Amino acid sequence: MLSLLTLLWLASAPIPVESLPTPPAPRPPAPQCVSSQGRTVCGYQCKTNGSHAACAKTPYGVCQLLAGNIHCWDPPRVAIAHPDNSRTKPECKEIRGKVACGYNCRVANGEVACNSTPHGVCTTHFERLVCWDPPESVIHENGADTPEPRCLTASEAVSCGYDCKSTRTEVRCASTPTGVCRLDNDQITCFDPPSLLHCDHSAPPPPAN
């Protein structure tokens, strides 16, 4: 007969759980082909307006019909390899016949502009629309956790980046999160340490749905 201590030990012992197999990575969508006016194009997110057809070159791109034309855009490789945490998708926007494609697109004062990566920032100043993206080395080093840059204005000047400093008429920013700017006697000095990282991607992430 088993002792009481043995029975208690058996009752409290963890039940072994079989490890589940790792699900396979989702496969990227297959390219497609569309034809218009006797011309065939192939790629991704293909669109046609009856007289013209166009496709994105990668499954990470975007194609939209705006202002009567098809506009296709593909992100740079650094944006494909390092999406942000919210998996922001590229887009195209139009105003008064002007079209821009990218990330975080903004429309203001009759202008339209976008970032080249999901880690950039756009701002308006004196009816100007300014967009800025961190250097590729910064995105390679920080990935989805790339710190958000900011934009600072001074009089009619505007600059975007990190650790921004300004005088009454001048503004400057570092280009990297580890950079520094210092204001001495109305003089702004900025410095960015060089990147020593080598980034090697064996495979891109699955495209956003």
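Select Gly161 to begin: at 1% relative accessibility, Gly161 counts as buried, where buried means under 20% relative accessible area, exposed over 50% and partly exposed in between, with a 1.4 Å probe and protein chains only. The model is predicted, and local features need pLDDT of at least 70, side-chain atom pairs count only at pLDDT 80 or more, and totals for chains, interfaces and linings use all residues. Residues are numbered from 1 along each chain as its sequence is written, and side-chain values use heavy atoms, with hydrogens and water left out.

Gly161 is found in strand S12, residues 157–166; helices (H or I, at least four residues) and strands (E, at least two) are DSSP runs, numbered from the N terminus. Contact here means heavy atoms within 4.5 Å. Show Thr176 as well: Gly161 and Thr176 are 15 residues apart in sequence and 7.1 Å apart in space, C-alpha to C-alpha.

Next, select Thr167, in the loop between S12 and strand S13 (171–174). Thr167 counts as buried, at 16% relative accessibility. Leaving aside neighbours within four places in sequence, Thr167 is in contact with Ala154, Leu183, Asp186 and Ile188.

Then move to Phe191, in strand S15 (residues 187–191). With 51% relative accessibility, Phe191 counts as exposed. Phe191 and Ala174 are 17 residues apart in sequence, yet 6.4 Å apart in space, C-alpha to C-alpha. Beyond four places in sequence, Phe191 is in contact with Ala174, Gly179 and Val180.

The tour now turns to the cores. A nonpolar core is a set of buried Ala, Val, Leu, Ile, Met, Phe, Trp, Tyr and Cys residues joined through side-chain atoms within 4.5 Å. Select Val62, Leu66, Trp73, Ala79, Cys92, Cys101 and Tyr103, the seven residues of the largest nonpolar core. Strand S4 (62–66) and strand S7 (98–108) are the elements that give two or more residues to this core. Colour domain 1 (30–74) and domain 2 (75–191) separately: both give residues to this core, so it lies between them. The domain bounds come from an automatic or database domain assignment. A second, separate core has six residues, including Val121, Val138, Cys151 and Tyr162.

Finally, inspect the pockets. On a 1 Å grid over the protein atoms alone, a pocket is an open set of points where a 1.4 Å probe fits, with protein on both sides within 12 Å along at least five of seven lines; lining residues have an atom within 4 Å of a point. Select Pro59, Tyr60, Lys89, Pro90 and Ala208, which lie nearest the centre of the largest pocket among its 21 lining residues. Domain 1 and domain 2 both give residues to this lining, so the largest pocket lies between them.

For the second largest pocket, select Arg77, Val78, Ile80, Ala81, Glu136, His140, His201, Ser202, Ala203 and Pro204, which line it. Helix H2 (77–81) and helix H3 (136–142) each supply at least two residues of this lining, and H2 gives the most, with four residues.
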